[in-house]
Each structure stands twice: as structure tokens, then as C-alpha cells.
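Colleague: I would like to learn how to read this structure. Can we go through it feature by feature?

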Amino acid sequence: MIAAAALILGLVIGLVLQPTVPLALQPYLPIAVVAALDAVFGGLRANLDGIFDDRVFVISFVSNVLVAAMIVFLGDQLGVGGQLSTGVVVVLGIRIFGNVAAIRRHLFRA
Amino acid sequence: MEPQRRAASGLLTEILEQHLDPAYEVAVRRRESDPPSPRELRVGALARSLVVLVIGALLSTAFTRASAEAPEVARTRTALAADAREQAALTDSLHRQAVLLRDRLSAERASALAGSAAGDQAQARLARLEVATGLVPLGGPGLVVTVGDANGPPDPVTGDAPPSAPNDGGKVRDRDIAQIVNALWASGAEAISVDGQRLSPTSTIRAAGEAILVDFRPVSSPYEVRAIGHASRMQAIFADSAVARAFATFVQLYGIRFTVQRASTITVPGAAATRLRFAVSQNGSR
């Protein structure tokens with residue numbers, strides 16, 4: 001499957017090249033990871049539901065990461081960065097949980 | 001659900017129940033009415049692979065960063081500890097050098113002053129002052145008071161007794177040392193050293209974090225306080241002091257170590273010279 005191969009390739013690239021994250025972007029890395037995980041599990045679930053769509057997946061990933069980063073950035077400027085990060089993580093975390101539960105139901109019928 | 005309730009609890013309901021992006025369902029309906037062309041499908045697959053690749057790179061980058069951060073903390077700690085040890089060794093060697101130079105200075109001075117009556121007088125006076133100010137190592141009978149932290153509760157797995165926790169009652173504090181030293185002075189001690197640090201008139205015993213500093217040099221448990229003086233009389237007075245009685249109680253309460261021993265000969269090193277920058281003698285002569 002192409003997507004799995006691309007994922008592994010990406011993992012290997014990250015591990016081998018070890019790209020340095022610019023200092024200004026470092027606070028957004030954890031949030032970007034959570035947003036990316038949300039997009040991935042959403043896509044996976046949609047795939048199992050038989051309604052996966054490339055366009056929605058790509059746009060949901062990009063917008064997830066951008067919106068999450070923007071919320072954290074705004075929060076930093078307003079002095080509530082920590083709380084807003086927590087909010088983003090909670091909302092995306094709930095979604096990840098829900099999607100993983102749906103995936104589990106698909107795979108194990110339980 | 002009625003429209004109004006839906007509007008009120010909409011956000012939370014959506015977060016809790018709508019996990020999948022609704023756009024996927026919209027896309028399905030759109031595909032049914034307007035099937036994508038083969039070219040669109042190819043572009044879509046490419047974009048999807050690209051995004052998945054980026055996600056993979058993102059995950060592994062975050063992983064390497066997170067795993068690199070923990071050793072970073074440990075490394076910094078080790079480096080700081082090494083720095084501290086290095087500086088301590090440096091001050092030790094400088095201290096030794098200072099002692100050496102001072103010995104040489106007094107020897108030179110003695111030879112320069114020897115011969116004349118005035119010189120002999122000045123030499124005798126200097127020697128007296130040096131002893132009084134604590135600049136020279138001294139020896140004599142006295143007391144050795146040893147006080148140490150209590151052991152913490154034994155480890156349930158290994159059975160080892162770790163050092164006492166910082167906030168525990170069994171931890172010896174800087175003021176404990178200061179009280180013992182003061183009680184020893186009050187008992188008639190003529191010269192005192194704490195863990196090999198001679199106390200001069202301007203010496204300090206204070207705490208920095210959890211460490212106890214004597215004249216800004218760290219000392220560690222067990223602390224050995226040596227006091228030169230009339231041993232038996234000092235022991236009697238010290239044993240009767242409020243401080244010694246308090247510590248006898250601490251031994252029972254917290255399990256700290258506290259022993260007082262009489263010794264026929266103990267030695268204390270010389271203290272670092274006090275540099276007077278502003279104070280000027282008002283006696284005229286010196």
C-alpha cells in the first residue's frame with residue numbers, strides 16, 4: 001500500500017536526516033504532531049468506513065496543523081499559550097480517541 | 001434533538017460525538033453526483049502520499065527531539081557537576097599555594113627581622129597576632145564533635161538506607177552547625193575547624209540550597225567540628241549546654257548522628273587571611 005510505504009519512508013527520512021527544527025517553530029512541534037495524528041486516524045477511519053477522500057484528508061491535515069499552530073501562537077501572544085495548547089490537545093485527543101474506537105470496532109467488531 | 005438545545009450544547013456535543021470530519025460524508029455525496037476523472041485520482045493519490053510522508057517525518061522528528069531532550073538535562077547536570085568539581089579542585093590548589101606562600105613569607109620575614117632587638121620584638125608580636133587571628137595551623141587537646149544526617153527510611157527493595165530527605169527533621173542544617181560552633185566557643189574553645197575549614201573571626205556558616213557552606217566552601221555530612229581548648233572543662237560545659245541537650249533529643253527523635261569525643265591532640269589548619277580593604281587600625285602603631 002502506497003500510504004504505508006510513504007509513512008515508513010517519512011519516518012526513515014526523519015530519523016536519518018534528523019532535521020533541526022527552527023527555534024521559533026519548536027513550541028508548535030508537539031501540537032503539530034497531535035494535529036497530524038488526528039488527521040491520520042480520521043483518514044484511517046474514513047478508509048474503513050469506505051468514505052475516504054484524498055482531498056478531504058490533505059485539506060484536513062494542513063488546516064488542522066495550521067489552525068492548531070495559530071491557536072497556540074495567538075495564545076502565546078495573549079499570555080495564555082499553555083492553556084490554549086491544553087485546549088487543542090484535549091479537543092484533538094477526544095477526536096483521536098473516538099476515531100481509534102471506531103477503527104477498533106471496525107477491525108475487531110467489538 | 002430540538003434546534004434550540006442543539007444550538008446551546010452544539011459545540012460540546014460536536015466535540016464528544018462527531019469524531020470524523022463531516023467533510024468525508026460531503027465528499028462521498030459529491031463523488032456520487034460527479035465522479036472524479038483519472039487525472040484527479042492520480043493527483044489525489046500523490047497529494048495523499050506526500051502528506052503521509054510529511055506526517056511520518058514529523059512524527060520521527062518529534063520523537064528524536066523528545067528523546068534527545070531527556071539526556072540533554074542529564075548531560076547539563078553532569079557538566080555542571082564537573083565544572084563545580086573542577087573549580088573546587090582549583091580553589092583547593094590555590095589554597096594550598098596560599099598556605100605555601102604564607103609559610104615562605106613568614107620564613108623570609110623571620111630571617112629579615114632576626115638579629116635586631118626591635119625585629120625580635122616585632123617577630124614575637126607578629127607570631128602572637130597570627131595565632132590570635134587564626135592564620136596559622138594549631139594543635140592541642142580538645143573536643144571532636146561529629147554530627148551527621150539521619151538515614152532515611154530503608155529502601156523496601158534493596159534495604160539500603162538512603163540519605164535523609166531534604167525536608168526531613170533528620171537533616172543537619174547550617175544553623176545546627178553554627179549553634180554547635182557557638183556552644184563550643186562558649187565552652188572555652190580557642191580554635192575551631194569545621195570539616196577541615198578553620199574558622200576565623202569573619203568566617204561564615206550558611207546554606208546554599210541543600211549544601212552547607214563554611215567560608216563559601218561546601219562541607220558534607222558527617223560534619224566534624226574540632227575545637228582546641230581545655231578538653232575536660234570544655235566537655236563538661238558543652239555537655240551541659242542547651243545545644244548539646246537539644247542534639248541529644250534530636251538523636252532520639254530523628255536518628256541524627258551526634259558524638260562528642262575528647263582528644264589529647266587535635267590539629268586545625270590555618271584560616272584564609274582576611275583582607276581588610278577599608279578598616280584601618282586606630283592605635284597608630286599598626
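Modeller: We take the chain contacts, then the backbone angles.

Modeller: This is a predicted model, where local features need pLDDT of at least 70, side-chain atom pairs count only at pLDDT 80 or more, and totals for chains, interfaces and linings use all residues. Residues are numbered from 1 along each chain as its sequence is written, with chains lettered from A and ligands numbered from 1 in the order in which they are written.

Colleague: How many residues of chain B are in contact with chain A?

Modeller: Two residues are in contact if their C-beta atoms, placed from the backbone, lie within 7 Å. Here 29 residues of chain B contact 38 residues of chain A.

Colleague: Which element gives the largest share of that side of chain B?

Modeller: Helices are DSSP runs of H or I, at least four residues, and strands are runs of E, at least two, numbered from the N terminus. α4(B) gives the largest share, 19 residues. Chain B has 8 helices and 8 strands.

Colleague: What is the phi of D195(B)?

Modeller: Most residues other than glycine have a negative phi. D195(B) has a positive one, near 50 degrees. D195(B) sits in the loop between β2 (191-194) and β3 (197-198) of chain B.

Colleague: Where is D215(B)?

Modeller: In the loop between β5 (211-214) and β6 (217-219) of chain B.

Colleague: Why does D215(B) count as partly exposed?

Modeller: A residue is buried if 20 or more other C-beta atoms lie within 10 Å of its own, exposed if 12 or fewer, and partly exposed in between; C-beta atoms are placed from the backbone. D215(B) is partly exposed because it has 17 C-beta neighbours inside 10 Å.
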